[in-house]
Amino acid sequence: IYILASRDVKIERCKFSNNNIGIYISKSFRSITKNVVINDALLEKNKNGLNLNGIVGITISRVIIENNYVGAEISESENVNIEQCQINENSVGFAMISSKNVKINNCFFTNNKEASKIKDTMFITITRSIYSNNTQGIKVGNSNSVAIRNAEIKSNLYGIISNNTVGVLVANSTVRSNRVGAMIFGGRNITVMNTVVENNHVGIRAFADDVKLTKNIYSRNYYAIETRSWLIIYIPVVINDSLLIYNTYGLYVMGEVGVGGGNPSSLLIENITILNGKFGIFSNDSSFIAKNIVIKNHTTGIHIIHGSHITITQCFLEDIDVGIGLTNFPYLVKVEKCKFSNFRYGIFQEKTHNSRYINNTFINGGTAIFITRGTAEIGRNVINNNQVGINITHSQAIDIYNNTIATNAYGIYLFNASHISVKFNEFYENSIGLYASDIVSSKPIAITDNTFSKNKIAVYLVKIRPYLARNKFYANVNDILEK
């Protein structure tokens with residue numbers, strides 16, 4: 001069928017098969033086409049099943065489109081309604097180009113290479129539709145105002161692809177068993193909310209600024225969320241108010257290549273719970289702010305490689321092998337007002353400099369803070385009932401001050417360290433309050449203005465003579481033991 005510059009076109013209960021173009025309806029140079037209705041039709045095995053251009057008012061309902069090269073191509077049109085259609089096994093299911101006011105409702109897309117291809121289009125709504133077993137489910141580029149609601153995106157190679165699109169909303173949907181559930185590149189004002197993201201290799205990959213991922217549930221993904229921190233930003237990525245459970249990697253955060261971190265304001269992670277995985281947050285060469293995060297039952301809660309200007313505050317890490325791990329030269333990492341419980345290492349720091357651990361609580365663990373080959377500031381922490389409170393080895397320039405260190409086997413354990421300052425701390429009821437050995441004699445430690453009470457051994461020194469001044473000792477079995 002070939003129709004130009006007409007009005008009130010209605011096609012019903014027809015079959016179009018093995019054509020170059022099944023249905024072609026277009027405007028002319030002088031006149032537009034209005035009000036096209038296509039119902040209860042079958043378009044199969046055509047090069048182009050349906051081609052509509054320059055039309056105002058299109059309704060396509062209960063149409064089966066299958067085994068075409070392009071199932072339907074709609075361009076330069078507006079007020080388009082597509083409902084209750086089945087789009088199967090096409091190279092391109094629907095192509096929407098340079099159009100506006102498009103609604104896709106209650107449709108089923110399966111086994112297409114590109115199920116819905118939307119380009120240079122504005123005001124698109126996709127509701128109650130299923131995208132299954134497609135190479136690409138919904139692909140949107142250079143468009144504006146896209147809403148995907150109550151959709152099921154499952155078993156696709158790529159479920160949703162958004163590229164340089166402004167105003168994308170994915171809400172109340174399910175993204176399941178895809179290689180990549182949703183992939184976001186560029187664009188602005190992008191929100192994924194109230195959505196279940198499960199059993200994907202990558203749940204959401206967001207490589208853009210001005211992205212908000214909120215009130216979602218991420219379950220049993222290999223990577224629940226992949227995102228980046230940027231050096232130059234306009235509006236940050238925000239990840240909040242969500243639950244992540246049984247993911248191998250909860251959040252995988254990357255920085256810009258070669259930058260060595262990013263702008264810490266470019267990524268805000270807050271008010272999320274991460275349960276039962278390998279890595280809660282894995283950061284590689286990035287920067288971020290993490291606030292009010294609960295991480296339980298992980299191999300490593302937060303793992304940081306390279307990067308800089310990272311703040312972790314008011315977080316709770318429990319039942320964990322390593323609470324926060326820092327390795328391979330990150331710098332300017334601040335951990336404050338966090339609580340660590342039931343860990344092998346609360347904080348494990350290796351080859352890391354200028355870290356600050358302030359106002360944290362470490363209880364019922366193995367080693368609260370372990371530092372090797374690095375520098376740090378450790379102040380105003382509560383470190384109780386651990387095997388080792390603070391373990392420092394092969395390190396220098398570390399300040400330990402105003403901490404409460406109680407009921408540990410070793411309060412502070414120093415080995416082969418130098419330029420260590422231990423001052424204004426309170427040690428009580430530890431087996432050994434402070435142990436030091438193999439300290440570089442030319443660069444000794446200073447132990448000043450501390451209070452030691454009710455320890456079995458307050459200070460245990462092996463072949464060293466630190467600077468000791470103005471310390472107070474009360475009711476210890478041994479105040480200072482030297483060997």
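The model is predicted: local features need pLDDT of at least 70, side-chain atom pairs count only at pLDDT 80 or more, and totals for chains, interfaces and linings use all residues. Residues are numbered from 1 along each chain as its sequence is written, and side-chain values use heavy atoms, with hydrogens and water left out.

**Salt bridges**

- There are 17 salt bridges, each defined as a side-chain nitrogen of Lys or Arg within 4 Å of a carboxyl oxygen of Asp or Glu.
- Lys10 and Glu12 form one of them, at 3.7 Å from N to O. Lys10 is exposed at 55% relative accessible area, while Glu12 is partly exposed at 28% (buried means under 20% relative accessible area, exposed over 50%, partly exposed in between; 1.4 Å probe, protein chains only).
- Lys15 pairs with Glu44, with the closest N and O atoms 3.4 Å apart. Lys15 lies in strand β3 (residues 15-17) and Glu44 in strand β6 (residues 42-44), so the bridge ties together parts 29 residues apart in sequence. Strands (E, at least two residues) are DSSP runs, numbered from the N terminus.
- Within this pair, Lys15 is exposed at 55% and Glu44 is buried at 13%.
- Glu336 and Lys334 meet in a salt bridge of 3.2 Å, N to O. Glu336 is buried at 18%, and Lys334 is partly exposed at 26%.

**Thr300**

- Thr300 belongs to strand β36 (residues 289-305) and is buried, with a relative accessible area of 8%.
- Leaving aside residues up to four places away in sequence, Thr300 touches Lys278, Phe279, Gly280, Ile320, Val322, Gly323 and Gly325 (contact means heavy atoms within 4.5 Å).

**Aromatic rings**

- The whole structure holds 24 aromatic pairs. Rings of Phe, Tyr and Trp (its six-membered ring) pair if their centres lie within 6.5 Å; planes under 30 degrees apart count as stacked, over 60 as edge-to-face and the rest as tilted.
- Phe452 and Phe473 are stacked, because their ring centres are 5.2 Å apart and their planes are at 10 degrees. Phe452 is in strand β54 (residues 451-453) and Phe473 in strand β57 (residues 472-474), 21 residues apart.
- Phe452 is buried at 0% relative accessibility, whereas Phe473 is partly exposed at 26%.
- One aromatic cluster consists of Tyr222, Tyr223, Tyr249, Tyr252, Phe279 and Phe282.

**Charges over rings**

- Arg220 sits over the face of Tyr246, 4.4 Å from the ring centre (NZ of Lys or CZ of Arg within 6 Å of the ring centre and within 35 degrees of the ring normal).
- Arg228 lies over the face of Phe207, at 4.8 Å from the ring centre.

Terms used. Helices (H or I, at least four residues) and strands (E, at least two) are DSSP runs, numbered from the N terminus.
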